[in-house]
Amino acid sequence: MALIDSLIVFVVSLLIGALGIYVGARVIAGRDDYRYAIVTALIGAIVWSVVAFFLGWIPLLGPLAALFAYVTVINFRYPGGYIDAIGIALVAWAASLAVLYVLALLNVAAFEALGVPGV
């Protein structure tokens, strides 16, 4: 049962993270493809985790390297360069935070999402 629960949490967290990226990409880059955002969230989460695993122990540099890696994934997946990628990441963070806040208020989900750092 724990495996099924973990899988459900993973999928829900990924979908919330992807929703944040979708909103950010739609606002900043004009891209309107939720499936593309899901893949971006998954790749971003994997890259963030790998970089954080290897560099996360370094104060300040580790978390910044992981954040830079995450923004780089968005930069490669969406048009517009690093400034737009940072904008997409910020909107994704804010949108995910808002969704998670509402879900937490309703006691539906925990306050975290896969694919959006810091949420």
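Me: Where is the place of Leu60?

Reply: This is a predicted model, and in it Leu60 lies in the loop between H2 and H3. Its phi is near 65 degrees, a positive value in a residue other than glycine.

Me: Is Leu60 buried or exposed?

Reply: The label follows from the relative accessible area, with exposed meaning over 50%. Leu60 has a value of 64%, so Leu60 is exposed.

Me: Which residue just after H1 takes a positive phi?

Reply: That residue is Gly30, with a phi of about 70 degrees.

Me: Which residues of H1 are buried, and what do they pack against?

Reply: The buried residues of H1 are Ser13, Leu14, Ile16, Gly17, Ala18, Gly20, Ile21, Tyr22, Gly24 and Ala25. They pack against H2, helix H3 (61-77) and helix H4 (81-105).

Me: What is the corresponding picture for H3?

Reply: The buried residues of H3 include Gly62, Ala65, Ala66, Tyr70, Asn75 and Arg77. The packing partners of the buried H3 residues are H1, H2 and H4.

Me: How is a pair of packed helices described?

Reply: Two packed helices are described by the angle between their axes and the distance between the axes. In the case of H2 and H3, the axes come within 8 Å and cross at roughly 155 degrees. Angles over 145 degrees count as roughly antiparallel, so H2 and H3 are roughly antiparallel to each other. H2 passes H3 in a right-handed crossing. Among the residues making this contact are Tyr36, Val39, Ile43, Trp48 and Leu55 of H2, together with Pro63, Leu67, Tyr70, Val73 and Arg77 of H3.

Me: At what angle do the axes of H1 and H4 cross?

Reply: They cross at roughly 135 degrees, and the axes come within 7 Å. H1 and H4 are therefore oblique to each other. The crossing of H1 past H4 is right-handed. The residues in contact include Ile16, Gly17, Gly20, Gly24 and Ile28 of H1, and Asp84, Gly87, Ala95, Val99 and Leu103 of H4.

Me: How many salt bridges does the structure hold?

Reply: The distance to inspect is the one between a side-chain nitrogen and a carboxyl oxygen, with a limit of 4 Å. The structure holds one salt bridge. Arg26 forms a salt bridge with Asp32, and the closest N and O atoms are 3.8 Å apart. Arg26 has a relative accessible area of 48%, and is therefore partly exposed.

Me: Which helix contains Ile46, and how far apart in space are Ile46 and Tyr34?

Reply: Ile46 is found in helix H2, which runs over residues 34-55. Sequence separation and spatial separation are read side by side here: Ile46 and Tyr34 are 12 residues apart in sequence and 18 Å apart in space, C-alpha to C-alpha. Ile46 is partly exposed, as its relative accessible area is 49%.

Methods. Residues are numbered from 1 along each chain as its sequence is written. This is a predicted model: local features need pLDDT of at least 70, side-chain atom pairs count only at pLDDT 80 or more; totals for chains, interfaces and linings use all residues. Side-chain values use heavy atoms; hydrogens and water are left out. Helices (H or I, at least four residues) and strands (E, at least two) are DSSP runs, numbered from the N terminus. Buried means under 20% relative accessible area, exposed over 50%, partly exposed in between (1.4 Å probe, protein chains only). Contact means heavy atoms within 4.5 Å. Axes are lines fitted to C-alpha atoms, for helices over the stretch in contact, and angles run from 0 to 180 degrees between N-to-C directions. Angles under 35 degrees count as roughly parallel, over 145 as roughly antiparallel, 65 to 115 as roughly perpendicular and the rest as oblique. A crossing is left-handed if the near helix is turned anticlockwise from the far one by less than a right angle, and right-handed if clockwise.
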